[in-house]
Amino acid sequence: MQFSLLAKDTQSKARAGVVQTDHGAIETPIFMPVGTAGTVKAVHQRELNEDIKAEIILGNTYHLYLRPGMEVLEKAGGLHKFNGWDRPILTDSGGYQVFSLAGTRKIKEEGVKFRSHIDGSLLDFTPEYVMDVQRTIGADIIMAFDECTPYPCDYGYAKNSMERTHRWLQRCVDRFDSTEPKYGYSQTLFPIVQGSTYKDLRVKSAETIASFGREGNAIGGLSVGEPAEMMYEMTELVCDILPADKPRYLMGVGTPANILENIALGIDMFDCVLPTRNARNGMLFTTQGIVNIRNKKWADDFSPIDAELGGYASTFYSKAYLRHLVHAGEMLGAQISSVHNLTFYLWLVKQARQQIINGTFRDWKDIMVKKLMTRL
């Protein structure tokens, strides 16, 4: 994997670049739709490619390990062949599940024991095994196995967790570097900065992660309930330490405002379930602000969902029709809303990129943050 910086904003730390993988180029800043179990919920691959114009999508190691399982994925020739997506894929290591499934897991130095949320069977994830599983899934970018700490989190726990994450990273690197990809294209490993919301821990973790010299770096353990200003403070601190010639990936973030503010701090890559999850609940992000399509005010609004955005779903269907589908519980409502929200998110980062290249990002960002979070 190679990363090239093309432009930097003079009034912020925003930058525009290109990540080159064996499955194609990714123009940054980029938003990556989340396809946890091998699919972006309610969205066809054709729509991802042609309408949403996604350049990379995510899969999740824990969920893919359970279903369809490694045997099926290996027989298929990896996740790209299995789901028909021929562009880059990134897989999360299951570290987030260490956080989200806290009631059914035990963390030890060796790794994490989970109870499957499907059938209660015992799963044993070690750093080495997670590398092997991600080799089999076949993602272009794979994540180190870490613990995503909760918020709030006391200092002692955060420190111990971070240090264990660093030890696990060494084991991930050793295993990754001693094995080969399975399907004839290269894979790259991103380490993850942890340290909760403690400045000294974040500095220590960022320095440690940077010292491994991998092709890209990630920031984890944010957007887990802490105030947005605290997220921005931690992100800026870490971005100032992580090498400028490597892509920086902020995991699990976030709202349109979060994305724009973090681009201004030097982040290149984002993912979040928010656009699709909120879509299924009737919340639409548009170029004019936020629409709750369930509200009665849209019942006889026959204008397009978002005429300025463009794209099939956003311009073909009216607000009134989409509201009807959502209230009727029709699956098409979730599909249209999901395609629309993801189209908006990809539009947003492409607009940000162009503004960085034009040298106008900062002023544009300040206007857009207020506009996009206005409830219509």
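At a relative accessibility of 44%, D174 is classed as partly exposed, a term for values between buried (under 20% relative accessible area) and exposed (over 50%), computed with a 1.4 Å probe on protein chains only. The model is predicted, so that local features need pLDDT of at least 70 and side-chain atom pairs count only at pLDDT 80 or more, whereas totals for chains, interfaces and linings use all residues. Residues are numbered from 1 along each chain as its sequence is written, and side-chain values use heavy atoms, without hydrogens and water. D174 belongs to helix α7 (residues 155-177); helices (H or I, at least four residues) and strands (E, at least two) are DSSP runs numbered from the N terminus. Between D174 and E128, the C-alpha to C-alpha distance is 8.3 Å, at a sequence separation of 46 residues.

Two packed helices are described by the angle between their axes and the distance between the axes. For α8 (residues 199-211) and α9 (residues 228-239), the angle is about 35° and the axes are 9 Å apart. Axes are lines fitted to C-alpha atoms, for helices over the stretch in contact, and angles run from 0 to 180 degrees between N-to-C directions. Helix α8 contributes K199, R202, V203 and A206 to the contact, and α9 contributes E233, M234, L237 and V238, contact being defined as heavy atoms within 4.5 Å.

In helix α13 (residues 319-327), the buried residues are K319, A320, L322, R323, L325 and V326. Their cover includes β16 (283-286) and α14 (331-358). After α13 comes G329, with a positive phi near 70°.
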